[in-house]
Amino acid sequence: MTQIICSPTKYIQGHGEIRKLGDYCSQLGATRAYAIIDPYIFSVYKKEITYSFEMNEMPLVMTEFKGECSSNQVNEIVAALGLKDAEVIIGIGGGKTLDTAKAVSHMSNLPVVIVPTVASTDAPCSALSVLYTDEGDFDCYLPLKRNPDLVIVDVDIIAKAPARLLVAGMGDALSTFYEARACRESGAITHAGGTSTIAALSLARACLDTLLAEGETALKDVKQGITSPAVEHIIEANIYLSGIGFESGGLAAAHAIHNGLTLHEECRNTLHGEKVAFATIVQLVLEKAPYEEIDQVIDFCKKIGLPVTLKDLGITNKDIDQLMTVAEASCSKDSPIWNMPIEIQALDVLEAILAADARGQ
Ligand SMILES: [Zn+2]
């Protein structure tokens, strides 16, 4: 069996890193850069970013990310790039900005530097972009040739983002170990293209241990505007440990059930990581995990404000038909639910959702 682990070539995390972007791009050997930036970050940090490239005498073209991470948008940027002669693509912002930068780098065969400004999911380190239609509906997953060349995390910027985003990132990171454990047991093929490794499972375990030990403190600290070691550790867990953990450790029932939940009208206002947190409890119920393990996850979620019941997710009417639609979608053809080491049917998922909800209450 072929085992594969992948990761960004380099991961950098620290204070004020946004002011060193020019240095890092220069170290990659690039002489011209093209950056796609979230409008808010552009308005606040434009000066710092420009200055760091000027210091390296590197021409930088900056474009504000507008609209959607769609094929049209990506193709437009790739076409514009041809005229600018860029040697490195930089994405600075949230998920869609980063996915656009990754897709542009993939299409134009250029290295990419990823600068996440929120820690709400574990997507930044992965070799995957999610494409949407121009109207904002899900279009397709675009598997990339390689992981980002550099991921640069400025903890000062991330700590200033709304606390709910950091909490959602902890929800996304919470599932990582349990899904990786399930894949290890079943021998599933992960996103990395092979079976799991000791390394990926260890990082997933470290991710969970960090969340349980420091998640609550980190949340308290960011709310007070303090970038403490706990905040730094949670940012590393959300972005790096969970990033390698999910891509090379594998996804399983938690993300499958998350995908099903996206179809439920009443879940519309919950974030990715919030749905994943509840779906993690559902996975543990499906696996018949020991009650102590399930309760440890529920307690953690309650402490930091992640959903543990259907009501917390916004689902107030427990219409069985609607929940069955969620369960059936979780068991669709290409769902990661088939990575579980046990046999599962839609009815099992429905029962586990209701049981998780009852236990959460
Ligand atoms: Zn996720």
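Predicted model: local features only at pLDDT ≥ 70, side-chain atom pairs only at ≥ 80, totals over all residues.
Let's start with strands S6 and S7: S6 and S7, residues 138-143, pair in the antiparallel sense over five bridges. To find your place in the pairing, take Leu128, whose bridge partner in S7 is Pro143. Between the two strands of this hairpin there are five residues, and Gly136 takes a positive phi there, near 95°. How much of S6 is covered? Strand S6 runs over residues 128-132, and four of its five residues are buried, so please read that as mostly covered, with buried meaning under 20% relative accessible area.

Now, staying with backbone angles for a moment. Most residues other than glycine have a negative phi. With that in mind, please look at Asn109. Its phi is positive, near 55°, and Asn109 is not a glycine. Where does Asn109 sit? You'll find Asn109 in the loop that links helix H4, residues 95-108, with strand S5, residues 112-116. And is Asn109 buried or exposed? Asn109 is exposed, with a relative accessible area of 58%.

Lys288 is another one to click on. Here phi is about 55°, again positive in a residue that is not a glycine. The loop this time lies between two helices, H10 at 272-286 and H11 at 291-304. Lys288 is exposed too, and its relative accessible area is 73%.

Let me zoom out to the whole chain. The protein has 13 helices and eight strands. What about the overall dimensions? Along the principal axes, the C-alpha atoms fill a box of roughly 60 × 40 × 40 Å. For 361 residues, a compact globule would have a radius of gyration near 21 Å, and the protein has 20 Å, so the two agree.

As for burial, 55% of the 361 residues count as buried.

Note on methods
Residues numbered from 1 in each chain as written. Heavy atoms only, no water. Rg over C-alpha atoms; globule rule 2.2 N^0.38 Å. Buried < 20%, exposed > 50% of the residue type's maximum accessible area, 1.4 Å probe, protein only. Pairing = 2+ DSSP bridges.
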